[in-house]
Amino acid sequence: MPIERLKQGKPETERAEDDAKVRATVEGILADIETRGDAAVRELSEKFDGYSPEAFRLTSSEIEAAMQKVSDREMADIRFAQDQIRTFAEAQRASMTDIEVETLPGVILGHRNIPVQSVGCYVPGGKFPMVASAHMSVLTASVAGVPRIVASAPPVKGAPHPAIVAAMHMGGAHEILCLGGIQAVGAMALGTESLEPVHMLVGPGNAFVAEAKRQLYGRVGIDLFAGPTETMLIADDTVDAEMCATDLLGQAEHGYNSPACLITNSRKLAEETLAEVDRLLQILPTAETASVSWRDYGDVILCDSYEEMLETANDMAYEHVQVMTDQDDWFLDHMHSYGALFLGPRTNVANGDKVIGTNHTLPTKKAGRYTGGLWVGKFLKTHSYQRVLTDEAAAMVGEYGSRLCMLEGFVGHAEQCNIRVRRYGGRNVPYGEGAAPREAAE
């Protein structure tokens with residue numbers, strides 16, 4: 001049977017109109033920050049957050065004061081989460097080795113993994129202060145060896161959020177800013193009179209933060225182009241509607257435009273999940289947000305087979321993909337476009353978001369087709385190097401290089417090769433000509 005959509009969210013055309021409005025707003029604000037620096041940043045902070053301290057960078061005493069407000073239990077939970085994230089990040093870093101190989105006698109090629117020299121880590125605040133995002137960006141950059149890590153989060157109720165400050169500090173931030181939104185990422189990327197610009201921006205944020213990162217890309221590096229959080233369930237009748245509905249709404253509460261999708265080959269599960277979502281929205285404390293997301297961006301897709309479910313999921317390329325079937329390993333082997341997989345009913349996106357150890361900054365809007373999420377490797381640049389050790393190797397490689405340069409018409413390039421053939425190979429190559437093969441020259 002053809003794929004059947006039992007529920008469908010907004011069409012893409014309506015979403016594109018929303019994006020255009022955000023794009024124009026961000027463009028004007030970034031231009032203002034670039035022109036007026038600290039003055040623009042301060043005005044924006046006052047306008048959007050009602051916050052205008054003497055300095056946005058927290059002093060060591062302010063950091064200590066904020067951390068004192070975090071309970072012992074909360075500090076222990078933060079440490080536990082950071083231990084898991086650090087352990088996995090360190091294992092990932094250990095897998096990335098520098099290499100050096102002798103490809104020909106006397107020709108050495110290699111690469112080194114070098115940390116980005118400065119990173120700005122944005123941690124969202126607003127309705128939900130995202131403490132976990134500090135672990136994911138700051139701590140992972142620290143494991144990568146980034147020598148300057150700037151972390152920024154908006155004020156909450158007119159002050160730095162204590163737990164976010166604690167997570168940033170414990171994660172290894174060198175500078176902590178109490179600054180939010182476009183003004184935060186703009187200031188970190190462009191620099192102001194009081195803030196040296198960074199080389200890279202990372203971290204999630206609302207539509208305006210995501211658009212600011214997109215517009216700043218090129219001046220600085222970014223982790224990825226991120227949109228609203230997305231969650232997908234691939235489920236069969238081995239799980240029940242309560243679990244499916246709970247997992248869908250658990251991510252729909254992120255914001256008013258967070259897509260949540262169920263793909264199943266069970267009509268019974270699909271229909272029961274729709275009913276269970278309605279029931280849970282009557283009791284969920286965050287239903288005001290989750291209900292709008294589900295209404296406008298929720299999908300329930302009924303497929304005929306596992307192969308059809310797989311094809312649909314790969315085409316949609318969602319950020320979080322929970323697989324709860326009797327063929328989880330088959331999906332692991334065949335899924336190729338997604339942010340992160342969560343396999344089996346015991347696994348869930350919330351654990352991945354907060355504590356299990358993998359990174360929660362992941363590709364959205366089908367970016368999983370060409371990139372993975374934030375990880376320690378995103379903070380490392382792999383740079384190659386070459387070394388020619390012997391006269392024989394210099395002359396031999398130079399001979400081939402000379403002719404290949406002339407093939408493309410690059411005479412100056414060819415002369416870089418020719419001069420080495422002359423000096424190290426003892427051969428007379430006429431100026432501006434390709435080097436003859438050694439056998440012909442002899």
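Q: Which residues are linked with Glu4 in a network of salt bridges?

A: The model shown here is a predicted one. As a general idea, side chains of opposite charge can pair when their charged atoms come close. In this structure, a network of salt bridges links Glu4 with Arg267 and Glu271.

Q: How many salt bridges does the count come to?

A: The count comes to 19 salt bridges. One of them joins the side chains of Arg267 and Glu4, with an N to O distance of 2.6 Å. Arg267 belongs to helix H10 (residues 267-280) and Glu4 to strand S1 (residues 4-7), so this pair ties together parts that are 263 residues apart in sequence.

Q: How is the exposure of Arg267 and of Glu4 to be read?

A: The reading rests on relative accessible area: under 20% is buried, over 50% is exposed, and values in between are partly exposed. Arg267 has a relative accessibility of 36% and therefore counts as partly exposed. Glu4, at 30%, also counts as partly exposed.

Q: Which residue forms a salt bridge with Glu34?

A: Glu34 pairs with Arg219, and their closest N and O atoms are 2.7 Å apart. Glu34 is part of helix H1 (residues 12-36), while Arg219 is in the loop between helix H8 (207-216) and strand S8 (221-222), so the bridge ties together parts 185 residues apart in sequence. Glu34 is partly exposed, because its relative accessibility is 46%. Arg219 has a relative accessible area of 53% and so counts as exposed.

Q: Is Glu399 buried or exposed?

A: Glu399 is buried, because its relative accessible area is 5%. This residue forms a salt bridge with Arg427, the closest N and O atoms being 3.1 Å apart. The two are 28 residues apart, with Glu399 in helix H15 (residues 391-407) and Arg427 in the loop between helix H16 (411-425) and helix H17 (438-441). Arg427 has a relative accessibility of 15%, so Arg427 counts as buried.

Q: What does the domain assignment give for the protein chain?

A: The assignment gives domain 1 (15-223), domain 2 (228-373) and domain 3 (390-441). The centres of domain 1 and domain 3, taken over C-alpha atoms, are separated by 49 Å. Where these two domains touch, four residues of domain 1 are in contact with four residues of domain 3.

Q: What is the volume of the second largest pocket, and which residues are closest to its centre?

A: The volume of the second largest pocket is about 510 Å³. Its lining has 25 residues, and those closest to the centre are Met130, Ala132, Ala350, Asp353 and Lys354. Two or more lining residues come from each of helix H4 (72-95), helix H5 (131-144), helix H9 (241-252) and helix H14 (349-354). Helix H4 gives the most, with five residues.

Q: Where does the second largest pocket lie?

A: Domain 1 (15-223) and domain 2 (228-373) both give residues to its lining, so the second largest pocket lies between them.

Q: How many helices and strands does the protein chain have?

A: The secondary structure comes to 17 helices and 14 strands. The C-alpha trace spans about 90 × 65 × 45 Å along its principal axes. Of the 442 residues in the protein chain, 50% are buried.

Technical notes
Residues numbered from 1 in each chain as written. Predicted model: local features only at pLDDT ≥ 70, side-chain atom pairs only at ≥ 80, totals over all residues. Heavy atoms only, no water. 1 Å grid on protein atoms, 1.4 Å probe; cavity = no way out; pocket = protein on both sides within 12 Å on 5 of 7 lines; lining within 4 Å. Points joined across faces, edges and corners; volume = space filled by probe spheres on them. Helix = DSSP H or I, 4+ residues; strand = E, 2+ residues; numbered from the N terminus. Domains from an automatic or database assignment. Salt bridge = Lys/Arg side-chain N within 4 Å of Asp/Glu carboxyl O. Buried < 20%, exposed > 50% of the residue type's maximum accessible area, 1.4 Å probe, protein only. Contact = heavy atoms within 4.5 Å.
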